[in-house]
Amino acid sequence: PPMKFPLRVLLLVVFLANFRVALAFEAFEFLLLPNKEKCFLAEDIEHDVVVLGEYKAGNSPSTQLQIRLLTGENVAWSKEHATSGSFAITTEQRGDVSLCFLDKTKAGMNTPAKAKARKISISMKSGAEAKDYQGIAKKNDLKPMEVEIMKLEDLMAEINQDMKYFRARESTMRNTNESTNTRVLWLSCSSLIVLLALGIFQLFYLKRFFQQKKLL
């Protein structure tokens with residue numbers, strides 16, 4: 001018998017899928033001043049995930065554009081004298097993926113006092129959004145509805161993977177908090193015992209002192 005899902009669950013899956021697609025395919029433009037590096041954090045991406053991107057830079061006779069794609073602190077891809085093109089990488093570990101742009105002044109040229117900013121446009125997509133579904137459909141002779149179902153299955157798998165990751169992080173943080181609370185409790189008990197011991201010692205010391213002075 002076919003599996004049945006609550007309507008709210010299906011709506012949530014469709015919403016999340018559309019939300020991820022909107023994020024993945026969103027292209028944006030910005031202005032980059034000469035010799036000023038600007039970095040953008042793309043997203044936290046799982047390991048063994050394909051990341052694709054396209055870029056285009058406006059003309060600038062006195063500067064040359066350098067682009068770096070970083071996974072964590074490692075440079076996964078870089079391009080000197082970039083004007084327009086695309087890039088593709090496969091992540092080796094989970095972490096933040098970021099893009100850095102630096103418009104350097106060419107050797108032997110001076111940057112004008114009122115240097116003009118360079119217009120850069122960039123778009124990125126990863127995971128299921130980076131798959132060539134049209135090529136898969138042609139190769140396997142799939143119908144449009146079957147392709148859409150395949151997209152949803154891939155997106156649901158990614159969402160499920162993200163949920164597992166966050167549950168694991170939540171469990172780790174909970175264990176850390178419990179361990180910290182236990183240590184704080186033992187520290188408080190130890191401090192209390194030390195204070196009681198000091199109080200008793202002072203009591204006996206003062207009693208003996210006054211007895212010796214014949215004040216008691």
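Colleague: Leaving aside neighbours within four places in sequence, which residues is Q64 in contact with?
Modeller: This is a predicted model, and Q64 has its place in strand β4, residues 63–71. Once neighbours within four places in sequence are left aside, the residues in contact with Q64 are H81, L102, D103, K104, K106 and R118.

Colleague: Which side chain does Q64 join in a polar contact, and at what distance?
Modeller: H81 is among the residues in contact with Q64. The side chains of Q64 and H81 are joined by a polar contact of 3.0 Å.

Colleague: Is Q64 buried or exposed?
Modeller: The relative accessibility of Q64 is 19%. Buried means under 20%. Q64 therefore counts as buried.

Colleague: What is the bridge partner of V51 in β8?
Modeller: Strand β3 covers residues 50–57 and pairs with β8 in the antiparallel sense, over seven bridges. Within β8, V51 has as its bridge partner S126.

Colleague: How far apart in space are A130 and V51, C-alpha to C-alpha?
Modeller: A130 is found in the loop between β8 (118–126) and α2 (133–140). In sequence, A130 and V51 are 79 residues apart. In space, their C-alpha to C-alpha distance is 6.7 Å.

Colleague: Which residues does A130 touch, not counting those up to four places away in sequence?
Modeller: A130 has a relative accessible area of 13%, so this residue is buried. Not counting residues up to four places away in sequence, A130 touches V50, L52 and K125.

Colleague: How many aromatic pairs are there, and what is the angle between the planes of F30 and F40?
Modeller: The count comes to nine aromatic pairs. One of them is formed by F30 and F40, a tilted pair at 4.7 Å centre to centre, with an angle between the planes of 55°.

Colleague: Where in the chain are F30 and F40, and which accessibility class does F40 belong to?
Modeller: The pair links distant parts of the chain, with F30 in strand β1 and F40 in strand β2 (residues 38–45), ten residues apart. F30 counts as buried at 9% relative accessibility. F40 has a relative accessible area of 26%, so the class of F40 is partly exposed.

Colleague: Why is the pair of F30 and F101 edge-to-face?
Modeller: The ring centres of F30 and F101 are 5.1 Å apart and their planes stand at 65°. Planes over 60 degrees apart count as edge-to-face. The pair of F30 and F101 is therefore edge-to-face.

Colleague: Which residues form one aromatic cluster with F30 and F101?
Modeller: F30 in strand β1 and F101 in strand β7 (residues 95–105) are 71 residues apart. Both F30 and F101 are buried. They form one aromatic cluster together with F28 and F40.

Colleague: What is the S to S distance of the disulfide, and what is its handedness?
Modeller: The structure holds one disulfide. It joins C39 to C100, with an S to S distance of 2.1 Å. With 110° about the S-S bond, the link of C39 and C100 is right-handed.

Notes:
Residues are numbered from 1 along each chain as its sequence is written. This is a predicted model: local features need pLDDT of at least 70, side-chain atom pairs count only at pLDDT 80 or more; totals for chains, interfaces and linings use all residues. Side-chain values use heavy atoms; hydrogens and water are left out. Helices (H or I, at least four residues) and strands (E, at least two) are DSSP runs, numbered from the N terminus. Buried means under 20% relative accessible area, exposed over 50%, partly exposed in between (1.4 Å probe, protein chains only). Contact means heavy atoms within 4.5 Å. A polar contact is a pair of N or O atoms within 3.5 Å; within protein, one must be able to donate a hydrogen and the other to accept it, and residues adjacent in sequence count only if both atoms are side-chain atoms. Two strands pair if DSSP finds at least two bridges between them. Rings of Phe, Tyr and Trp (its six-membered ring) pair if their centres lie within 6.5 Å; planes under 30 degrees apart count as stacked, over 60 as edge-to-face and the rest as tilted. A disulfide is a pair of cysteine sulfur atoms within 2.5 Å.
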